[in-house]
Amino acid sequence: MRPKHKRLVFVISLLSIMAISVTIMLIIFRQNLIYFYTPSMLLEAMQKATFENNRVLRLGGLVEPGSLAHQSPDGIAFLVTDGKAQIHVQYRGLLPTLFREGQGVVLLGKLEADKSITASEILAKHDETYMPAEVARALKASGHWKTDGQNYPSSVTPGQP
Amino acid sequence: MIVEFGHGALILALMVALFSALLPLWKSISHVKRLFRLSFPLALLQTILITTAFAALIYAHATSDFTVVNVVLNSHTDKPLLYKISGTWGNHEGSMMLWIFILSLYGLFVSLTRPLDQDLSERALIVLSAVSAGFIAFILFTSNPFTRVYPPAQNGEDLNPLLQDIGLSIHPPMLYMGYVGFGIVFAFAVAALWRGDLTPQWARIVQPWILLAWSTLTLGIGLGSWWAYRELGWGGWWFWDPVENVSLLPWLTATALLHANLALEKRGLFSRWVLLLAILTFTMSLMGTFIVRSGLITSVHAFASDQTRGLFILGYVGAVIGISLLLYARKYNNFCSMPYRISSKEGAILINNIVLVSFAFTVLIAILYPVFLSLIGAPSISVGAAYFNTIFVPFAMILSVTAGISPLLPWHRIPLAMLQRSIAPLLATALITIAIVLLLDRHALLFTCVALALSAWMLAGTVMHAIRRFRAIPSTSSDSYVKKLRRFPIAAMGTLFAHLGVAVLFSAITISSAYKQRFEAPITQGKAIVFNDYTLSVTHAEKLHRYNYDVRTATFLITHSGEKIAELSPEMRYYPIRQMQTSEVAIDSNLWRDVYLVLGEATPTDESAPATHIGIRLYVTPGMFFLWLGFGLIALGGGISFIHRMAKAGKDKP
């Protein structure tokens, strides 16, 4: 092969390798996107489109007061609400120390066939500083925002490294 | 009074930085030569002023001066002194001060080293002053740590308890030494663009700074992981969280830069690429500094932050990147690239660069895509850890292959016989490793076998490199091994340690993730908890008060196959000032495994006592010691090279 051809082959093979790897990357990327929902957003989304079972998602809201139920051997079930809709959640394992009825909660879990969620990880957060901004926004929007911590001056917000 | 003094010093520092940056505009370039001589005294003056300001802030924190807003929001009288001081940079404003303090020290350092190229160094110092001026302006106008509050507060609101940890006291300074260090590299790159030439000498001048920044960044990332491991209580050390990813980006591009710059130094290759990488790396460092705080990204570390600073940050980063890239585009044709063969050391370095930068790119997409979606009002998403794990594996594997073989390869071109001679022992080691892994664990996953084999390949390559270097030491037959070893070239040691570190780190990551065991159970009065060969029994439980928090703790006696191995006392801490509960992990480490115990609230099984029920989570993870060792070795390698090169540069005649 002449050097010119050689270079052409090199460039073409390089480009095709890149195209293949970018495609693979995007497929993996799409499979691993985890959407955040509030209960009403999730219900709405389920009406619009069909969700495959076992889809992993994040759900944020308040633990509905009075909904916490204990199942044997050591699982629990509760409702997550944003004031407009509720979603059933079941969970087994250690709970975060601030998990209470009426508290804000963010969980990672799988969507089951019966439209309930089996949580694999639960985060309970008690004020804006320690709550993902999207949950705070969702709670504020639904009028369920409670402040029980100190209010910081609006000009200065403590950051984190 | 001292606070006002610090505030004044910071304002003066801004003046000095602006003056230094605008110096070349003052008179025509030919006259600037004389003005250039001012660069050292100006750098010194700036350092003194910024140090004064930073010291004043530390003083305010250490003495709990509650007339200062920053202290009120982040400190408390009951807090231990160490955390009062480290609390200075445990918040946004203070950490910006730390950034600028480190930048000024670097500037002084640059002006102190006897430059090989006076003109280049002075141009770089001017660029650095411009970067510095923008940053000080950012602090003064949007994040002033010296703001007073009247009337003074009774007491402070305390530092986020998660940050009250020794790991996070030293993590920010290390991380910022890395980030800011790439600012120096960036300044030299812009200086080269400004002058319009790039020589192998440039590479020699810049390499020590790359090495220093890269080593400290490695340490910074390692310390951050160590903190996450001990403090977050999830048994893991890396969560692919945006804050972590953002610190990984400059590390990846810097690792690429480190190697490409070697090719520039030795062979005069990749000049355009090196300049672009230098700009990219500093861009990533700025992103790392800012992205978390601008409120663009939510993560477990960042919680909620301020949106108002966003515009200033965007403008600043935009200016830094925009101007440098514009300059790059205009001067692009000044820099030529020379032909080279792909089958050579430079070819291996090229592959390593492509892999590192592609990996950085895939991580960057995952960071920015959710931000982009939220900007156009789409539902908020996050990218699952599975994405990063899947992407990381092939990249790490290719890197292991090139990193193992490339130190053995010569520049220019590789004779085929030599390639065969180099590959054979590495391949043999890799295959033997697979056999050993399967012998020890018949059910080992394919992934585990391959990943460990590749780590072994890399280890073998490093060892072979060491042996070859050792054999090449000129010696008489009477010389003993020890005598010969003393003359081992220090220049080669940096590469050896760093590559050894990466091999150790990769194998530790593989082993710890493949063989981690996790177990959760509620504690029941008077009953031992049994998990595989481990038995845990509570010997003692108490409640007490310490410094600024209340503690609930239990002591567990842990036995393994009937043999006592440790007594661990994990804690649940309640910080009344912040109304926050944290979990303090207890870990028993030895060379081979960590036993990691966390207290938590168990899922209540009984309706009557839902709130006070306590459970444990136990992790048994092998290889953690080697993981931290890997981080240490990588940083050590960089450090050795840095010191060696600095010493050599000191001896060179300018």
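This short talk walks through a predicted model with chains A and B.

Some ground rules. Residues are numbered from 1 along each chain as its sequence is written, and chains are lettered from A, with ligands numbered from 1, in the order in which they are written. In this predicted model, local features need pLDDT of at least 70, side-chain atom pairs count only at pLDDT 80 or more, totals for chains, interfaces and linings use all residues, and side-chain values use heavy atoms, leaving out hydrogens and water.

Let's start with chain A. Its secondary structure comes to 3 helices and 7 strands. Helices (H or I, at least four residues) and strands (E, at least two) are DSSP runs, numbered from the N terminus. Along the sequence, the pattern is α-β-α-β-β-β-β-β-β-α.

How much of chain A is buried? Of its 161 residues, 46%. Buried means under 20% relative accessible area, exposed means over 50%, and partly exposed lies in between (1.4 Å probe, protein chains only).

Now contacts, meaning heavy atoms within 4.5 Å. In chain A, take the contacts with a separation of 6 or more: 49% of them come from residues 24 or more positions apart. The accessible surface of chain A is about 8,800 Å². Carbon and sulfur atoms hold 57% of that surface. Accessible areas come from the Shrake-Rupley method with a 1.4 Å probe; for residues, only the protein chains shown count as cover.

One backbone detail in chain A. A:K115 is not a glycine, yet has a positive phi of about 65°. A:K115 sits in the loop between β6 (104-111) and β7 (117-125) of chain A. Its relative accessibility is 48%, so A:K115 counts as partly exposed.

Next, a nonpolar surface patch of about 790 Å². Chain A supplies A:F10, A:V11, A:L14, A:L15 and A:M18; chain B supplies B:Y340, B:I342, B:I351 and B:I398. Patches are made of residues with over 30% relative accessible area and no salt bridge; like charges are joined within 9 Å, nonpolar side chains (Val, Leu, Ile, Met, Phe, Trp, Tyr) within 5 Å. A salt bridge is a side-chain nitrogen of Lys or Arg within 4 Å of a carboxyl oxygen of Asp or Glu.

Which helix gives the most to the patch? Helix α1 (residues 3-31) of chain A, with 5 residues. A:F10 lies in that helix. A:F10 counts as partly exposed because its relative accessibility is 44%.

On to chain B. Helix α7 (residues 118-142) has 25 residues. The expected span is 1.5 Å times one less than the number of residues. That gives 36 Å, and the end C-alpha atoms are 36 Å apart, which agrees. This helix is mostly covered, with 21 of its 25 residues buried.

The loop between α7 and α8 (166-195) of chain B holds B:P151. A cis peptide bond joins B:Y150 to B:P151, with omega about -5°.

Last, a hairpin in chain B. Strands β7 (residues 571-575) and β8 run antiparallel, joined by 5 bridges. Two strands pair if DSSP finds at least two bridges between them. B:M572 stands opposite B:S583. The turn has 4 residues, and B:Q579 there has a positive phi of about 50°.

Is β8(B) enclosed or open? Strand β8 (residues 580-584) of chain B is largely enclosed by the rest of the structure, because 5 of its 5 residues are buried. B:M580, B:T582 and B:E584 point one way; B:Q581 and B:S583 point the other way.
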